[in-house]
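Hi,

Here's the structure I promised to send over. Have a look first, and my notes on it follow below.

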Amino acid sequence: MPPLIEARDLVRLYPGVRAVDGLSFQVARGQCFGLLGPNGAGKTTTLEMLEGIQRPTSGSVLFKGRPLDRTYREAIGIQFQATALQDFQTVAESLTMFASLYRRTADRGELVRLCNLEEILDRDTRRLSGGQRQRLLLAVALVNDPELLFLDEPTTGLDPQSRRNFWGLIDGVRRRGKTVLLTTHYMEEAQYLCDEVAIVDQGRIIAQGTPDKLVREHFPATVVRIPAAHWPAGEPRPAGSEERAGQIELYTDEVPPLLAHLERIGADLTELRVATPTLEDLFLKLTGHSLRT
Amino acid sequence: MWHRVLAILVARNREFYRDSAGLGWNLVMPILMVVAFAFIFRGEPEDVLKIGVVTADGTLAGVESPLLEVRYVSFVPVADAAPGVVKVERHQLDLLVDLRGPPAYWVNLGSAKGHIAERLLLGAYREGGGADEPVRETVTGEALSYADWVLPGVLAMNIMFSSLWGVGWVIVRYRKNGVLRRLQATPLSPLEFLTAQILSRLLVVLGASLIVYLGASIFLDFPMRGSYAALVLVFAAGSLCLISLGLVVAARLRTEELADGILNLISWPMLLLSGVWFSMEGTSPAAQALSQAMPLTHMVDAARRVMIDGAGIVDVLPELALLTLLALALLTTAAWLFRWE
């Protein structure tokens, strides 16, 4: 059985920029696949080519092993990053309008329950909070009971509470067997939601795998930072350590032996910091030296 | 296709009528304008005598007549006698003189200025020692007030603004705030979307015009001599044409400011040169040619012919055909140019 959707050597050129530069991956049925990357990495452009909204400069997108055609729009649901609904309509009216645009529609009651819209059905869409809005946009994306759901940075701009709630909704969507393709720049989000992630930078995939595997591969559990000036002169630095912005970064699975070692060699520990690596750290680690200055 | 068109149409109509501030403005402004103009132009707009002269070639060049020596009178060349006579009936001309053969003239028995103009004419011929006194023809008819004359123009003007901005502005706003982006992701086609916008606006324009018409009829006693069906068709065809023009403007623009500027650039010359406020008769040939190129001119002309001259559908067929063809051409262009983003 072919993958549900597949990107083959996608390239998208804008004047003077290779926004997407030869990107390939496959998403299996029922999977949740995440494209991770900083702003401007080409995630949204990639997603829009997969959605059939932008044409790739070269390369192709296959849905169930076939090129995209007119029926594709009926089979997918999209939640855009920046979008609006027509003014002066209630939540219920918006859902009805979008439902009328499709041949097949999801059961209305189930959709409302799934997206937790019961209490705001009669509210004007302009009066929704950020979290309520995202829930409505998710419902709109699901209104045609799509096989494949695209989410473009679905929780950007939401407070942590709303973000957690939204993840809960996506869990519900996944339990219904939907395939999900999302972009995010929150590592935590990718870790919570995705079966597989691809890390995108400057239009290319620089790492791909399950979140756990990526973390194990690229992240020792902890990073210890110490100002470079506080490192004892003449003392060799441990293998794998890096200096960045005047700070020496040491990666380790076990913090106490490292601290003991630092004390032994006479390092000044007054400004030492211990942190769990973030997505930012991963990027710096993967791309910082060679690709950017 | 049609259930999708209907869904978008219903949503757009809702947006229009629930926006109560905008709705009130759409209806109240034109009525206020008509009332204001009726008040300002309660008197006659000009204070000199206006005498129409029928000549062989429609100009006054080379015409010799003792009448033309009279000063402080405005002489208007008229190519044909029949329309000139109608103007005498309406008090738009104080006198009509035919100088093509043996001189003849028409005077309105109910017009005071017509009486004075007649004395002047006869005086001029007697002083000039002309052999034949002109032959007298008489007509009767009520004066056509400026407010009566201007009302069809104001209705058409309101349709123009509502048609151009009602789709142009809205589509650009939709494109800017992402409504179009959201719709693009659905099976809705550009043609379906544009059709819904046109139908929605056409309903709004005709509905609003009806209310303005009824509102004006409370304040003003204006003539409606022709067929109501013809008037509705003229306004519908004109509106369709201007909506399509608005769609062409809105096909690609991303900012409301630019759309607003371009729509102003289109609408103000039309407003000035389409004979909404003053007749284009007697203006320069260049201005008249420009005027003929404007859809609003043909809508105003046809509406006046229906309301003032009592025209029926057949009489305004040329304008209806012209406006419809232009609408189709503009619509095709708009559909071809249209981009969701």
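To start with, into which domains is chain B divided? Bear in mind that this is a predicted model. Chain B splits into domain 1, made of 2–40 + 145–337, and domain 2, which covers 49–139. Taken over C-alpha atoms, the centres of those two domains of chain B sit 39 Å apart.

Chain A also comes with a domain assignment: domain 1 runs over 5–216 and domain 2 over 220–276. Here the C-alpha centres of domain 1 and domain 2 of chain A are separated by 41 Å.

Next, a sheet in chain A. It's an open one with 4 strands in the order 12-13-11-14, and the pairing is antiparallel. Strand 12 (242–244) and strand 14 (273–275) of chain A are the edges, each pairing on one side only. From one strand to the next, the twist averages 30°. If you want to zoom in, look at strand 11 (residues 222–227) of chain A, which is joined to the antiparallel strand 14 of chain A by 3 bridges. A:Val224 has A:Val274, in strand 14 of chain A, as its bridge partner.

Then there's the place where the chains meet. Contacts involve 20 residues of chain A and 18 residues of chain B. On the chain A side, helix 2 (72–75) and helix 3 (91–100) each supply at least two residues. Helix 3 of chain A gives the most, with 4 residues. By class, that side of chain A has 11 nonpolar, 4 polar and 5 charged residues.

Cheers

Note on methods:
Residues are numbered from 1 along each chain as its sequence is written. Chains are lettered from A and ligands numbered from 1 in the order in which they are written. This is a predicted model: local features need pLDDT of at least 70, side-chain atom pairs count only at pLDDT 80 or more; totals for chains, interfaces and linings use all residues. Domain bounds come from an automatic or database domain assignment. Two strands pair if DSSP finds at least two bridges between them. Axes are lines fitted to C-alpha atoms, for helices over the stretch in contact, and angles run from 0 to 180 degrees between N-to-C directions. Two residues are in contact if their C-beta atoms, placed from the backbone, lie within 7 Å. Ala, Val, Leu, Ile, Met, Phe, Trp, Tyr, Cys and Pro count as nonpolar, Asp, Glu, Lys and Arg as charged, and the others, Gly among them, as polar.
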